[in-house]
Amino acid sequence: MSTKQGSWWPVLATNELRQKPLGRMRFGEQLVFWRNGDQVVCMPDRCPHRGAALSLGRVNKDTGSIACPFHGLEFAANGHCTRVPVEQNYSIPADFGVASYPVEEADGYIWIWRGPEPAGQLPPLPIHPETADMRYGQATGIWKAHYTRCIENVCDFSHLPYVHKTTIGVFKKNWVMDVQVEDVAGGFRAVLTESGKVAQSFEFLYPNRWLLRLNHNVRLGLVFAPINATHTFVYGRTWHRLAVPGLNPLMNLATRFSQYMVFREDWPIVASQTPGDVLQAVDEKLLPTDAPIIAYRKLHRGYQGVGAQ
């Protein structure tokens, strides 16, 4: 019997969260993120008193808590209610509070843990080590599809000469492909071979990180943060080794332009796929060139505690 496993999910870019609380929907749940000194806190964006959004409140730096905008109730980083200003002699019950999720901040992202927590320490974050000494330009966008379909789309080499025939697939004259997959720690690597030579390769780390190796100095990275069952927030990064003053804004612009030109071709196709969640796609007939898709589904089903098809 399979058992569902928890995972670290990058769901925000570090530069999105400043000093004020930030409300975002992730996994179909409205969440609030806020900074408590060097700590990032994530909890449901709903005050348990009367249901107001905590993200409209403020952070009390003196007490390390977030204050509800409606009646000023304060909640500590662990979620427990610590102050009810309008009540003088009120003893706050131990269960008066909100959930507080495990959070880490690393690699330019804010990560939350989703799923059962293992005994002992949580596992390390799934980070691509080869980008540790690289800079990046960033672009973001929303795809109108379930996150699993978005991930599978970028793991699919064989759609390039069809969907992208005027952009990145324009030079794909030989449509016969050899696609191989090998396991790596926390995910898999896929290699496309054409005419006996490696044409492209990417690495996927579960649950939502994808990295394409363009050459020794450049990588294209994507993170797929689920908003809900039909929308996915995508963080795109062009990783590079160029140390040029003032280059970052230009890299952001270049990343935004290149991803728009390519992904606009994907959007209607991916949005049309049914069912949205690939866990429900039990009748699809996959091909040998779908090896990365097969690898992703095997990995995903394992983590989600779903038996093999």
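Me: Is cysteine 68 buried or exposed, and at what relative accessibility?

Reply: This is a predicted model, and the values are computed from it. A residue counts as buried when its relative accessible area is under 20%. Cysteine 68 has 5% relative accessibility, so cysteine 68 counts as buried.

Me: What is the relative accessibility of cysteine 47?

Reply: Cysteine 47 stands at 1%, and therefore counts as buried too.

Me: How many disulfides does the structure hold?

Reply: The structure holds 0 disulfides. For cysteine 47, the nearest cysteine sulfur is that of cysteine 68, 3.8 Å away.

Me: Now a histidine. Where is the place of histidine 164?

Reply: Read the elements on either side of the residue. Histidine 164 sits in the loop between helix H2 (160-163) and strand E12 (178-184).

Me: Is histidine 164 buried or exposed?

Reply: The relative accessible area of histidine 164 is 1%, so histidine 164 is buried.

Me: With which side chains does the side chain of histidine 164 make a polar contact?

Reply: One is the side chain of histidine 159, at 3.2 Å. Another is the side chain of glutamate 265, at 2.6 Å.

Me: What shows where empty space is left?

Reply: The general idea is to roll a probe the size of a water molecule over the atoms, which shows where empty space is left. In this structure, a search of the whole finds 1 cavity of 30 Å³ or more. The largest cavity holds about 40 Å³ of space.

Me: Which residues line the largest cavity?

Reply: Among them are Tyr109, His128, Trp210, Arg237 and Trp239. Strand E15 (209-215), strand E16 (218-226) and strand E17 (232-240) are the elements that give two or more residues to this lining. Sorted by class, the lining of the largest cavity has 6 nonpolar, 2 polar and 2 charged residues.

Me: What is the volume of the largest pocket, and how many residues line the pocket?

Reply: The largest pocket has a volume of about 540 Å³. Its lining has 26 residues, and Ile168, Trp210, Leu212, Leu214 and Leu220 lie nearest its centre. Trp210 is also one of the residues lining the largest cavity.

Me: Which elements supply at least two residues of the lining of the largest pocket?

Reply: They are helix H1 (147-154), strand E14 (197-205), E15, E16 and helix H3 (247-272). The largest share, 8 residues, comes from H3. By class, the lining of the largest pocket has 15 nonpolar, 8 polar and 3 charged residues.

Me: How much space lies in the second largest pocket, and which residues lie nearest its centre?

Reply: About 330 Å³ of space lies in the second largest pocket. Its lining has 19 residues, with Trp9, Phe27, Arg114, Tyr147 and Gln304 nearest the centre. Tyr147 is also one of the buried residues of H1. By class, the lining of the second largest pocket has 7 nonpolar, 9 polar and 3 charged residues.

Note on methods: Residues numbered from 1 in each chain as written. Predicted model: local features only at pLDDT ≥ 70, side-chain atom pairs only at ≥ 80, totals over all residues. Heavy atoms only, no water. Helix = DSSP H or I, 4+ residues; strand = E, 2+ residues; numbered from the N terminus. Buried < 20%, exposed > 50% of the residue type's maximum accessible area, 1.4 Å probe, protein only. Polar contact = N/O pair within 3.5 Å; in protein donor to acceptor, adjacent residues only side chain to side chain. Disulfide = S-S within 2.5 Å. 1 Å grid on protein atoms, 1.4 Å probe; cavity = no way out; pocket = protein on both sides within 12 Å on 5 of 7 lines; lining within 4 Å. Points joined across faces, edges and corners; volume = space filled by probe spheres on them. Nonpolar A, V, L, I, M, F, W, Y, C, P; charged D, E, K, R; others polar.
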